[in-house]
Amino acid sequence: MLTEAGQQYLEHGSQPLEQPRGVNTAPTPRAEIQSPDVAKIENSGTEAAPPLPVQRTRPLPRKKAKTVTEQLLEELAESGGRIVKREASGRETEKWPIRVAAARRSGKIPVTKELHAGWCNDGYEIRLVDTPAWRLAVLPPVPVPARLTTPHPVVKALQTHPQPMALTKAVQGRAFRLIHALLTATQKLGYASAFGTAESAPAPHRRRNGPPHFTITAQGQRCDFLILQEQDRTEHIPTKKELADAEKHSWVRIPRYDTSPSERLRICVGGGLRHRAGEWADMAGCPLEDQLAEIVQEVGLRGEAAERKRLADLEAAREKRLQWEAAMRRAKIDFAEAARVQHLEAQERAWRRATGLAEYIGALRLHAQTLATGPERDGAEAWIAWAADHVEHLKPAQRNAPPTRDSRTARQRPTAVPAQVEPLRSRLLGPADCHRAYPWREGRARASQRPALLPTAEKGAAQSRIAICSEESSSMPDDSSGTDGGVRQTCVTSVKSASRYRP
């Protein structure tokens, strides 16, 4: 049935104006409302054509809006599998962990992909990575015996306790069968097991530090196992005494719930790098018997991760040792070069000094020639002779010559830079010499007990001086009051002071 408003819209393209209240709004007879064409036909006396049927058009279907999960997956696909969310407002950024958790539960993530997320320095990082092969592997079930005829040695050790693992009698048999099946499956793979303790497990917030009930070692990685009994929680009904005590004392608190041991069990695994999970418990439709295969796989995965880490540490130690050896070689070369430079600069300074003294001695000779023959000239020539001999010993070529026993004034000098150089601490600081460069890090006791170091060249020079002074002192007369006795006493003192540098 076509209403008056609909007829008005078809003829004029607009809705009729609303009339105020109190005005008669009864529909006008249809004969009174005529279109111009109908009026012309009536006036002409011809029969009017039947009205055309009204065609109603269906509205276009709205485009379905994309969910947050779909938008997130599309954004990850466009960015190569990694995005970092850092919104202008902190509240908007805090919503992304909830959105990622919802995306994981949505079931729209492909089976071969995993969604990883976490906070980083730039914001909240979200990555879409490939699912590892061990998660897609089909695990063979672990058979659990219906009755223990020959239990595992670890199970036997647990059974000797009056109340093993603080479990009730109702669940002890099942717990032993689960442990026996788990240990038997891991033993077939070559893993070692050992008994821990039969005492009760610590509180939930201290389980990581509690002693394990038994351990399984795979490729050097020990996994600690705890068997726990779940607790059922029911609403607590306060007694009359509790109500009276709470009304009398303000510090009395009535518990809200009561706990009672249930028949559900929980297995906690600690130690190593976690892959699947750290705890497995009885769930509706998935008991622990069906989850033993995952626990066996978890032990193997943690062992493989420990082995990879061990090999990586060995490789890192080898690279560090090679770098240290290369650094030592460079340091020795640099130190030897620096020693040569210092030796060359010392020779240049000695040469300049000797050259200046030689010019001065030449001037003295010229002055001595002007003196008259006599004691004064003889004294001047003697002084010039001694000075010339002293200058000859100051020259670098003479200073590097080997010492002679006949000349007590000759000094021993190294003919070349030593091949093995020990004092490299000024050229190189590394793990081996850090305690020598910074002795306070090891404590004052060890620093004070460390013997003084002496370079090889100085050790050899000191030993040579000791030997020369010893022989010369033995050939000197016993009279210590004269000059020879004083020299002998000086040599003996040098021997005593240099003896501490002997290796």
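Which helix lies across E1, E2 and E3, and at about what angle to E1 does this helix run?

A: Helix H3 (residues 68–78) is one that lies across E1, E2 and E3. It runs at about 120° to E1. Some ground rules come next. This is a predicted model, where local features need pLDDT of at least 70 and side-chain atom pairs count only at pLDDT 80 or more, while totals for chains, interfaces and linings use all residues. Residues are numbered from 1 along each chain as its sequence is written, and side-chain values use heavy atoms, with hydrogens and water left out.

Now the terms. Helices (H or I, at least four residues) and strands (E, at least two) are DSSP runs, numbered from the N terminus. Two strands pair if DSSP finds at least two bridges between them. Contact means heavy atoms within 4.5 Å. Axes are lines fitted to C-alpha atoms, for helices over the stretch in contact; angles run from 0 to 180 degrees between N-to-C directions.

Start with the sheet. It is open and has 3 strands, in the order E1-E3-E2. The pairing is antiparallel. Strand E1 (82–85) and strand E2 (113–120) are the edge strands, and each pairs on one side only. On average, neighbouring strands of this sheet are turned by 20° against each other, direction ignored.

Take E1 next. It runs antiparallel to strand E3 (residues 123–130), and 4 bridges join the two. Look at arginine 82: it stands opposite arginine 127 in E3. Isoleucine 83 has isoleucine 126 in E3 as its bridge partner.

Then turn to E2. Its pairing with E3 is antiparallel too, over 8 bridges. Here leucine 115 has leucine 128 in E3 as its bridge partner. A hairpin joins E2 to E3 through 2 residues.

Back to the helices. Helix H3 lies across the strands E1, E2 and E3. Helix H5 (residues 96–106) lies across E1, E2 and E3 as well. H5 runs at about 170° to E2.

Move to isoleucine 83 and its bridge partner isoleucine 126. Cross to leucine 128 in E3, the bridge partner of leucine 115. Then find residues 68–78 for H3 and residues 96–106 for H5.
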